[in-house]
Amino acid sequence: MKLTAAQARRVAVAAQGFHESKPAGSITRAHLRRLVARLQVLQLDSVSVAVRAHYAPVFSRLGPYDRDILDRAAWSHSARSPRLLVEYWAHEAALMAVEDWPLLRWRMQEYQHGRWGVEIVKKNAKLAEDIVAAVAELGPSTAGQIEAHLESEPRGRKGPWWDRSETKWVAEALWSAGVLTTATRVGFARHYDLTERVLPAEVVGRQVAEADAVRELVLRAATALGVGTEADLRDYFRLGARQVKPAIAELVAAGELEPVDVDGWAAPAYLRAGQIVPRRDRGTALLCPFDPLIFFRPRVERLFGFHYRIEIYTPAPKRQFGYYVWPFLLDGQLVGRVDLKADRTVGALQVPGAFAEDGQDRARVARALAGELRTMAGWLGLDDVAVGDRGDLAAQLRAALVS
């Protein structure tokens with residue numbers, strides 16, 4: 001089977017849920033459950049200059065919603081409203097469905113001494129035992145609370161590891177190994193608890209062989225992507241080539257994936273079986289830097305001809321577009337980008353820079369973008385949108401906002 005580049009782009013955008021109209025009424029837990037089943041992951045990130053990354057993809061697809069719905073789904077539990085989401089390394093650190101946690105048990109084995117700082121963890125086996133015992137006694141606790149309880153070391157700077165204490169490193173390793181998980185967050189600070197006290201017994205007890213888990217993860221990645229190369233499928237859950245190659249072969253043999261050639265793509269691609277190829281471009285939204293549609297940058301260039309790099313760690317004078325830049329999807333194509341900051345001291349969504357892609361009708365882009373920015377400002381509880389001077393779209397965007 002062959003796809004044009006435009007068809008592949010439409011498939012990808014539709015698979016991520018942008019082809020559907022946003023719900024007319026209030027967003028519910030059921031809406032969130034369906035969206036997570038489609039996207040699989042909501043990436044977590046500590047940057048909060050506009051809004052934290054895990055909230056944004058829900059807004060981009062469903063429109064304004066009460067963020068407490070997501071908070072409760074991820075970090076609270078009751079008989080009436082069971083926990084829907086759990087944190088783990090499911091792309092980078094991400095929220096995923098609770099019932100999918102066993103699919104990454106093989107990764108927990110790989111990370112039995114943590115993902116980073118392995119030597120620190122290995123030399124502190126007794127501290128790991130003490131942390132587990134402390135959490136069992138204390139209940140949900142931050143690393144600082146655990147450390148204070150253990151009185152394991154003096155407070156203060158502890159060397160080059162981002163100022164983390166050994167207690168923090170070991171607690172994170174236990175989280176990566178699946179011994180601890182996130183019970184809740186307060187001010188985005190993780191509160192660790194024993195996994196068996198947070199997740200249902202049937203989830204904790206479920207064993208999935210690595211090959212079966214990887215095959216399921218590849219299938220889920222293909223469903224979320226619609227169409228993708230082997231590299232695309234690997235990246236979605238950060239899988240290895242050794243794992244993915246046999247999984248793809250098995251899924252093709254089973255009729256779950258269909259090999260396709262996409263015009264202009266150097267590598268073979270795979271279409272999720274049953275995926276409809278839309279006849280027209282649809283989907284308009286602001287996309288945070290960690291949105292699943294765009295978090296694999298080589299794919300973004302291949303699909304949209306859109307070169308995108310996050311510039312948070314680039315010195316300000318060397319930034320091309322800005323600190324926290326959101327691409328703008330208009331009718332299924334990436335047509336521009338805006339640097340955004342929620343300034344709650346003045347009640348405004350600040351737009352220090354606004355840029356259109358080459359060849360775009362700037363007036364059209366500005367009108368549509370103005371509407372999305374107004375909606376986003378309202379969702380964040382801000383009264384105004386203030387546009388700065390940077391970028392070739394700034395003047396027209398400012399005019400569109402006052403018209």
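Strands β3 and β4 pair in the antiparallel sense over five bridges (two strands pair if DSSP finds at least two bridges between them; strands are DSSP runs of E of at least two residues, helices are runs of H or I of at least four, and both are numbered from the N terminus). The model is a predicted one, in which local features need pLDDT of at least 70 and side-chain atom pairs count only at pLDDT 80 or more, while totals for chains, interfaces and linings use all residues. Residues are numbered from 1 along each chain as its sequence is written, and side-chain values use heavy atoms, with hydrogens and water left out.

A hairpin of three residues links β3 to β4. Trp89 stands opposite Ala93 of β4. Both strands belong to an open sheet of three strands, ordered β2-β4-β3, with antiparallel pairing. Its edge strands are β2 (42-43) and β3 (85-89), each pairing on one side only. Strand β4 (residues 93-97) also meets β2 in the antiparallel sense, here over two bridges. Leu42 has Leu95 as its bridge partner in β4. Helix α4 (residues 67-75) packs on this sheet and touches β2, β3 and β4 (contact means heavy atoms within 4.5 Å). The direction of α4 makes about 70° with that of β3 (axes are lines fitted to C-alpha atoms, for helices over the stretch in contact, and angles run from 0 to 180 degrees between N-to-C directions). Gln43 is bridged to Ala94 in β4. Strand β4 is mostly covered, with five of its five residues buried (buried is under 20% relative accessible area, exposed is over 50% and partly exposed is in between, with a 1.4 Å probe and protein chains only).

The loop between α2 (29-39) and β2 contains Gln40. The phi of Gln40 is near 75°, a positive value in a residue other than glycine. Gln40 is buried, at 8% relative accessible area. Arg238 also has a positive phi, of about 55°, although it is not a glycine. Its place is in the loop between α13 (230-236) and α14 (241-253). Arg238 is partly exposed, with a relative accessible area of 33%.

A second open sheet holds five strands in the order β10-β11-β12-β13-β14, and the pairing is mixed. Strands β10 (285-286) and β14 (384-390) form the edges, and each pairs on one side only. Strands β12 (residues 333-343) and β13 (residues 348-356) run antiparallel and are joined by seven bridges. Gly336 stands opposite Ala356 in β13. Helix α17 (residues 394-402) lies across β12, β13 and β14 and runs at about 160° to β14.

Ala285 lies in β10. Ala285 is buried, with a relative accessible area of 1%. Beyond its neighbours within four places in sequence, Ala285 contacts Phe18, Ser60, Pro327, Phe328, Leu329 and Glu372. Ala285 and Pro57 are 228 residues apart in sequence, yet their C-alpha atoms are 9.4 Å apart in space.

Helix packing was examined for α7 and α9. Two packed helices are described by the angle between their axes and the distance between the axes. The axes of α7 (residues 125-138) and α9 (residues 166-176) come within 10 Å and cross at roughly 75°. The two helices are therefore roughly perpendicular to each other (angles of 65 to 115 degrees count as roughly perpendicular, under 35 as roughly parallel, over 145 as roughly antiparallel and the rest as oblique). Helix α7 contributes Leu127, Ala128, Ile131 and Val132 to the contact, and α9 contributes Glu166, Thr167, Val170, Ala171 and Leu174. These residues divide into seven nonpolar, one polar and one charged (Ala, Val, Leu, Ile, Met, Phe, Trp, Tyr, Cys and Pro count as nonpolar, Asp, Glu, Lys and Arg as charged, and the others, Gly among them, as polar).

Ten aromatic pairs are found in a search of the whole structure (rings of Phe, Tyr and Trp, the last by its six-membered ring, pair if their centres lie within 6.5 Å; planes under 30 degrees apart count as stacked, over 60 as edge-to-face and the rest as tilted). Phe321 and Phe355 form an edge-to-face pair, 4.9 Å centre to centre, with 85° between the planes. Phe321 lies in the loop between α15 (297-304) and β11 (325-330) and Phe355 in β13, so the pair ties together parts that are 34 residues apart in sequence. Phe321 and Phe355 are buried. Tyr324 and Trp326 also pair edge-to-face, at 6.3 Å centre to centre and 75° between the planes. Tyr324 and Trp326 are buried. One aromatic cluster is formed by Tyr88, Trp89, Trp116 and Trp175.
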